[in-house]
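Here is a walk through one protein chain, written for someone meeting it for the first time. Have a look at the sequence and the structure, then read on.

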Amino acid sequence: MNILKLLRDRNKFTQEFVANKLGVTRQSYIRYETGEVELTASAIRILANLYQIEYRNIIDEIMPEDTIVYMSGKNRDIEKFHQIVLYTLQAAGDLVYITHSDFYKLIYLIHKDFYKQYFVHLTSLYYPEQSEEEGLSIYANEISKMADENLIEFINTSIHKGQSKKIIPLKRSNLNYLSGTEVCFLNREFAKYSTEF
């Protein structure tokens, strides 16, 4: 399979989205992806930046090592969700006042915003018609399973009275499950929502 298709599938981008980044039509991009037309140096640079990889990966059609790890997981979508949660907890860990219910909302907003920006799902746990209430329930359920797997821990703090808890990561995130684009997106989301929680 052509490296451009592998990279695009891995990042869940549409042909139209990548074509827009290159400043070409979808039909022209398809010719790149099928190998009918060779990429220009400018196109290689744009794609390398888009996928956060080295030029040589595109030129030599060699998948970066993290792509191979990403593609080989048995339940890679759920594992990817777990890594997003762990990475978000690492970034949001300094937000002392963020409760577990606030955290579920943050994860929901991240998924929703990713779809709005890229028109693809960050993970399969989000779909466009999903209401916030439904999303919070889905994410709360999956995050609770992470506690059973000793990936996170729920703790009571003096700041969180009543039923509110704080979620603490027990492991560091493995960014091999995320593309460079996804990591950059998450960092922008943390900055965007840091004052809301």
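## Helices that cross

Helices α2 and α3 pack with their axes 9 Å apart, at an angle of about 100 degrees. That makes α2 roughly perpendicular to α3. Some terms first: axes are lines fitted to C-alpha atoms, for helices over the stretch in contact, and angles run from 0 to 180 degrees between N-to-C directions. Angles under 35 degrees count as roughly parallel, over 145 as roughly antiparallel, 65 to 115 as roughly perpendicular and the rest as oblique.

This is a predicted model, in which local features need pLDDT of at least 70 and side-chain atom pairs count only at pLDDT 80 or more, while totals for chains, interfaces and linings use all residues. Residues are numbered from 1 along each chain as its sequence is written, and side-chain values use heavy atoms, with hydrogens and water left out.

Back to the helices. On the α2 side, Q15, E16, V18, A19 and L22 meet R26, Y29, I30, Y32 and E33 of α3 (contact means heavy atoms within 4.5 Å). Helix α3 also crosses α1: their axes come within 7 Å, at roughly 115 degrees. So α1 and α3 are roughly perpendicular to each other too. Here L4, K5 and R8 from α1 meet Y29, Y32 and E33 from α3.

The table sorts both contacts by class.

## The whole chain

How many helices and strands does the chain have? There are ten helices and two strands. Helices (H or I, at least four residues) and strands (E, at least two) are DSSP runs, numbered from the N terminus. Read along the sequence, the pattern goes α-α-α-α-α-α-α-α-α-β-β-α.

The chain has 197 residues, and 44% of them count as buried. Buried means under 20% relative accessible area, exposed over 50%, and partly exposed in between, using a 1.4 Å probe and protein chains only. Among contacts between residues at least 6 apart in sequence, 65% join residues at least 24 apart.

## Inside the core

A nonpolar core is a set of buried Ala, Val, Leu, Ile, Met, Phe, Trp, Tyr and Cys residues joined through side-chain atoms within 4.5 Å. The largest one here has 54 residues, and V18, F103 and I143 have the most contacts inside it. Two or more residues come from each of α1 (3-11), α2 (15-22), α3 (26-34), α4 (41-51), α7 (76-92), α8, α9 and α10 (180-193). Helix α8 gives the most, with nine residues.

Take I143 as an example. Not counting residues up to four places away in sequence, I143 touches F81, V85, F103, Y104, I107, I152, F154 and I167.

## A closer look at α1

Is α1 largely enclosed or largely open? Seven of its nine residues are buried, so α1 is largely enclosed by the rest of the structure. Those buried residues are I3, L4, L6, L7, R8, R10 and N11. At the N-terminal end, N2 caps α1, with a side-chain oxygen 2.7 Å from the backbone nitrogen of L4. After α1 comes K12, whose phi is positive, near 60 degrees.

## A few single residues

Over in helix α10 you'll find E182. E182 is buried, at a relative accessible area of 1%. Leaving aside neighbours within four places in sequence, E182 is in contact with K80, F114, L122 and Y177.

S124 sits in the loop between α8 (100-118) and α9 (132-148). The side chains of S124 and D77 are joined by a polar contact of 2.3 Å. A polar contact is a pair of N or O atoms within 3.5 Å; within protein, one must be able to donate a hydrogen and the other to accept it, and residues adjacent in sequence count only if both atoms are side-chain atoms. S124 and F81 are 43 residues apart along the chain, yet their C-alpha atoms are separated by 8.8 Å.

Now for backbone angles. Most residues other than glycine have a negative phi. F119, though not a glycine, has a positive phi of about 60 degrees. F119 lies in the loop between α8 and α9 and counts as exposed at 56% relative accessibility. N150 is not a glycine either, and has a positive phi of about 60 degrees. N150 is in the loop between α9 and β1 (152-155), and is exposed, with a relative accessible area of 52%.
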